[in-house]
Amino acid sequence: MIWSAWIAYEPPPHLITALATALTDPAPLQRTWAQNGSHYSARRTESQVTPEAHVQAHLTRIDTVRARVRAARRANHQTSTMPSPAAAPSPSLRQAR
């Protein structure tokens, strides 16, 4: 099952850490006899996507980001190794002065 959540404001980092820790705790959740585990606004839908497909999509996103980073670094390296036009004035400007 895949969960998604959002927070409507910017809480302090320690609260986000506490929430993430509580959500990922493998210990069983203790409930009273009256709790049925549902909330009026909670919705549960079964995903038609397999866990393997989720993993593959995640790996594909990582590969895409890595490729973009490599391309940006190559482009940055190429522009930084080329001499800038302001650093070397053309010979015709030198003669005119």
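Me: In which helix is confidence lowest, and in which is it highest?

Reply: Good place to start, since this model is predicted. Where pLDDT is low, the coordinates should not be read in detail. Here, helix α3 (residues 91–96) has the lowest confidence, at a mean of 52, while helix α2 (residues 51–81) has the highest, at 91.

Me: What does the chain average in pLDDT?

Reply: The average is 78, and 69% of the residues score at least 70.

Me: How many helices and strands are there in the chain?

Reply: You will find three helices and zero strands. Starting from the N terminus, the order is α-α-α.

Me: What share of the residues is buried?

Reply: To count as buried, a residue must have under 20% relative accessible area. Of the 97 residues in this chain, 1% are buried. The accessible surface of the chain is about 10000 Å², and carbon and sulfur atoms account for 59% of that.

Me: Which residues make the nonpolar surface patch?

Reply: I7, Y9, I16, L19 and L23 make a patch of about 520 Å². One of these residues, I7, sits in the segment before α1 (13–23).

Me: Why does I7 count as partly exposed?

Reply: Partly exposed covers the range between buried, under 20%, and exposed, over 50%. I7 has 42% relative accessibility, so it counts as partly exposed.

Key. Residues numbered from 1 in each chain as written. Predicted model: local features only at pLDDT ≥ 70, side-chain atom pairs only at ≥ 80, totals over all residues. Heavy atoms only, no water. Patch = residues over 30% accessible without salt bridge, like charges linked within 9 Å, V, L, I, M, F, W, Y side chains within 5 Å. Areas by Shrake-Rupley, 256 points an atom, 1.4 Å probe, with all protein chains shown as cover. Salt bridge = Lys/Arg side-chain N within 4 Å of Asp/Glu carboxyl O. Helix = DSSP H or I, 4+ residues; strand = E, 2+ residues; numbered from the N terminus. Buried < 20%, exposed > 50% of the residue type's maximum accessible area, 1.4 Å probe, protein only. pLDDT = per-residue confidence, 0-100.
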